[in-house]
Amino acid sequence: YLSVMAPAELSVVEVAANKNDDFQRIDPNIMGTADTRIPLIQVVGLARPGKNTLRIKTVDQRQNPFRIIGVYMCATCDTESKVTGAMESPKEPADFLVETAVDMVPPPKASAVSDNSSRRRPIQILALGGSNTWGAFLPDRYRAYPWLIGEAFNNGDSNQVDNVAMRATGADYPSLCLESMIPNAADKNYDVILFDFVLNGTNGFSLLLKRLRERYPDAVLVYVHIWNILSLAREESSGKSPGTIGLNLDLDWVWAWKRKNNSLGDSFNPNGDGITRKCPREICDGSVVEQLTIDAGGYIYKFPIPETPKQALLNGTFGPDWQHLSQKGHELLARGILDVLSEAEDDIFKPKRLGSFGLGDQCYQWFADGNIPIGYTGGALFNLIARDTARDPNFAKWVLEMDMENGGSLTFESKFDIPVPIGLSYMSKQEGSEYTIVEVSMMSTHDDPKQQKAMKIDPNYNLSGPSTHITVYSHVGWAAPGMNTLHVKTIDRRKYPFRVVGIFLCGHCAESGDMGNGALSSVEGRG
């Protein structure tokens, strides 16, 4: 097995060589130095002719699992004395077996599920968030943590989970489109709601919490804080990120807030935005997100972060892109969330009231599936990640690229009987400033057509992650009952066209007078 002395991060186990033998304890944290892992050998019994099985159980779970790298059987070794190089030898012969998973990560179990059979019933789970919650880059995205939690509660059945997370998208989308996102939303209720949004996705967070509580007043809310190495790591001497200088494990990586005693940031906000400069998002302080969740009666789960980025890379929690969780990472995350949910057993299983969506919402969105449900001219459907889609058909980012020369239009219907605000959703990226700048004007086509004031949209905005493409939206006008048309015209042509991913009509916003803080720009009045 592998051994490391400091920090003592490898799980301690007990091993029994046969079902009648006592377990013997193995602590791998006894050799080597910090960040250095070495292989060790421990004699645990005698192998008899034929099939043998070794039983292993965790007795002290730590950050990383117990890691086995080999099983050795030596016919010439003296079992009556200590074998040179071995940590310990058995005093008596014992049967020898190998019976364990390769990564030694036990499957998630729902300690929150009561043994009282009268309380057991299918648990309905809703998951909101970004690419990790969606399951990006897993061999099977349906093994992402929301489905693992669903299986743990529902005897291996994950059909009670609605995972409506959206890649490259923050809280602004569900804050406006909650009703439209949920399958069979009219009568669907939930016992547990999981949501994962960090700095780059906090626009609209407060409005989303408000709408969740209005519709699902009794659901158990859990804010899941997931960090990633790509965003948080910095090369010690230069201060540059992995995205700038490459994913090189041999470099001296430190967390951004630990470089040169910089204590302003943390795993939510690595650069301390909002402290040293104006906050580029609705919320730049993780403690604010946590307090809002607690005030809404929710729980907090923060995925544990090791001392250094290199430890996070070596323990196999993240995939090769340093950004998305590996299958092991999802399993560990699911187990941690289940521990939190064990504190809320009574609330999980009790009957739930179903509240109201208010006037609700009506959202047209094609980012995930490429199906455009509205009329348009001057646009072409384009997959931003076609190379990845070739490997996994479920993984795509579909945008409608507007003609940079002649512009185009988007025509859609509003089901509402009052004017409602329109959120136009599009791709944003700051670094390079290569997105075409456009002017958008709104015209309703009902009995009294009226041209609304045109507004300029500059997609080169993403202040918090300037090299990352994300979806954002602008409040571009008011949709009248019936058919409406948005006209898009180029005013500053650049390398990439204006890329539209959706149109959001928010009746709840018109009713409450609150469109949240997600919109990058806003028009005044109702046209």
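A: A residue is called buried when its relative accessible area is under 20%, exposed when it is over 50%, and partly exposed in between, with a 1.4 Å probe and protein chains only. This is a predicted model, in which local features need pLDDT of at least 70 and side-chain atom pairs count only at pLDDT 80 or more, while totals for chains, interfaces and linings use all residues. Residues are numbered from 1 along each chain as its sequence is written, and side-chain values use heavy atoms, with hydrogens and water left out.

The structure holds 15 salt bridges, a salt bridge being a side-chain nitrogen of Lys or Arg within 4 Å of a carboxyl oxygen of Asp or Glu. One of them pairs R353 with D218, whose closest N and O atoms are 2.8 Å apart. This pair joins distant parts of the chain, 135 residues apart, with R353 in the loop between helix 10 (345-349) and strand 13 (361-365) and D218 in the loop between helix 4 (205-215) and strand 9 (220-225); helices (H or I, at least four residues) and strands (E, at least two) are DSSP runs, numbered from the N terminus. D218 is buried at 14% relative accessibility, whereas R353 is exposed at 54%.

Another salt bridge joins D191 to R121, with 2.7 Å between the closest N and O atoms. D191 is buried, at a relative accessible area of 3%, while R121 is partly exposed at 29%. Both residues also belong, together with K352, to a network of salt bridges.
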